[in-house]
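Reader: I've got a model open and I'd like to learn how to read its features one at a time. Can you walk me through it?

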Amino acid sequence: MAVLEIVDLHVQREGKPILKGVNLKTGSGEVHAIMGPNGSGKSTLAYTLLGHPKYEVTQGKILLDGEDITEAPTDERAKKGLFLGFQYPTEVSGVGYSHFLRTSYNALSKSLQSSNREVFITVREFQNYLKKNLQTVGLRDDFLGRYLNEGFSGGEKKRSEVLQMAVLKPKVSILDEPDSGLDIDAVQAVAKAISDVSTPDATVIVITHYARILKFLKKLDYVHVFAQGKILKSGNAQLADELEQKGYDWIVKA
Ligand code: ADP
Ligand code: MG
């Protein structure tokens with residue numbers, strides 16, 4: 001059975017239609033890439049999957065493990081195992097980074113039954129787990145003493161989104177342009193973290209504009225070309241190479 005399934009999804013924002021019939025099926029253990037030009041609606045899709053209130057579903061549905069979550073509130077979707085790494089992460093002053101991660105991890109552990117969720121008895125055990133993950137994404141331990149994203153550089157914010165995914169171990173992760181604005185070392189670190197999280201229990205969807213990050217992924221099962229509010233073409237990892245060489249026009253204009 002599909003884990004996340006999107007059926008004929010139409011979405012508008014402030015009366016303007018943006019998504020125009022998105023169809024996608026993802027299974028457990030799969031890594032998908034959604035690639036497309038700027039302004040095509042990729043972030044709109046990501047926000048809609050998590051239930052952003054400004055995005056109105058006018059047709060179609062979203063299923064998670066066969067259950068219709070099209071109208072479910074965001075926190076319910078998160079508890080069922082959906083995660084979104086933002087393209088533009090928000091600074092949340094006053095919310096301690098490690099406290100935020102621990103609270104979120106424990107909330108997810110209550111609702112997700114998965115063999116890969118460790119039980120951390122003490123705060124120190126959890127801190128050690130966080131430090132291991134900080135190292136994977138290339139952030140220093142002192143980030144744990146800061147507020148969520150506050151004063152993080154652009155690149156640190158992107159690493160931080162991926163760190164949250166690595167730590168929380170959601171069932172389905174959607175990463176919205178985790179590579180934008182990063183130098184090549186950071187792109188590699190982010191790709192490594194994504195590969196680490198790509199277990200048989202997890203589904204990962206990487207939204208990106210460039211093929212660059214995809215080359216560093218250990219596993220990539222499907223590439224989807226997204227333009228004009230829908231998926232126009234799907235293929236395997238080779239399609240990403242083709243897009244890198246030829247751009248998007250040959251598909252979008254066809
Ligand atoms: P992508 O992530 O592929 O670059 P977006 O989903 O961000 O695309 O945007 C899709 C379309 O929705 C664009 O035409 C964009 O201008 C429009 N859009 C995005 N955000 C807003 C907003 N806050 N208000 C009105 N239109 C928006
Ligand atoms: Mg976007």
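Author: Helices (H or I, at least four residues) and strands (E, at least two) are DSSP runs, numbered from the N terminus. Here, H1 is mostly covered, with 8 of its 9 residues buried. Before we go on, this is a predicted model, where local features need pLDDT of at least 70 and side-chain atom pairs count only at pLDDT 80 or more, while totals for chains, interfaces and linings use all residues. Residues are numbered from 1 along each chain as its sequence is written, chains are lettered from A and ligands numbered from 1 in the order in which they are written, and side-chain values use heavy atoms, with hydrogens and water left out.

Reader: Which residues of H1 are buried?

Author: Lys-42, Ser-43, Thr-44, Leu-45, Ala-46, Thr-48, Leu-49 and Leu-50. Take Leu-50: its relative accessibility is 9%, so it counts as buried. Not counting residues up to four places away in sequence, Leu-50 touches Thr-74, Arg-77, Leu-82, Phe-83, Leu-84 and Ile-174. After H1 comes Gly-51, with a positive phi near 85°.

Reader: Is Glu-14 buried or exposed? And is Asn-149 buried or exposed?

Author: Glu-14 is exposed, with a relative accessible area of 64%. Asn-149 is buried, at 2%.

Reader: What does Glu-177 touch?

Author: Leaving aside neighbours within four places in sequence, Glu-177 is in contact with Asn-38, Lys-42, Gln-87, Lys-158, Ile-207, Thr-208 and His-209. Glu-177 is found in the loop between strand S9 (172-176) and H6, and is buried, with a relative accessible area of 7%.

Reader: How do I read a nonpolar core?

Author: In soluble globular proteins, nonpolar side chains tend to be buried together. A nonpolar core is a set of buried Ala, Val, Leu, Ile, Met, Phe, Trp, Tyr and Cys residues joined through side-chain atoms within 4.5 Å. The largest one here has 49 residues, and Tyr-97, Val-167 and Ile-194 have the most contacts inside it. H6 gives the largest share of this core, 7 residues. Apart from it lies another core, of 26 residues, including Ile-6, Leu-45, Ile-174 and Phe-226.

Reader: Last one: pockets. How are they found, and what lines the largest pocket?

Author: On a 1 Å grid over the protein atoms alone, a pocket is an open set of points where a 1.4 Å probe fits, with protein on both sides within 12 Å along at least five of seven lines; lining residues have an atom within 4 Å of a point. Grid points are joined across faces, edges and corners, and a volume is the space filled by probe spheres set on the points. The largest pocket holds about 560 Å³. It is lined by 26 residues, with Ala-78, Phe-83, Leu-84, Phe-100 and Gln-164 nearest its centre. H3 supplies the largest share of that lining, 4 residues.

Reader: How big is the second largest pocket?

Author: About 320 Å³. Among its 20 lining residues, Asn-116, Ala-166, Lys-169, Val-197 and Thr-199 are the closest to its centre. H4 gives the most to this lining, with 4 residues.

Technical notes
Buried means under 20% relative accessible area, exposed over 50%, partly exposed in between (1.4 Å probe, protein chains only). Contact means heavy atoms within 4.5 Å.
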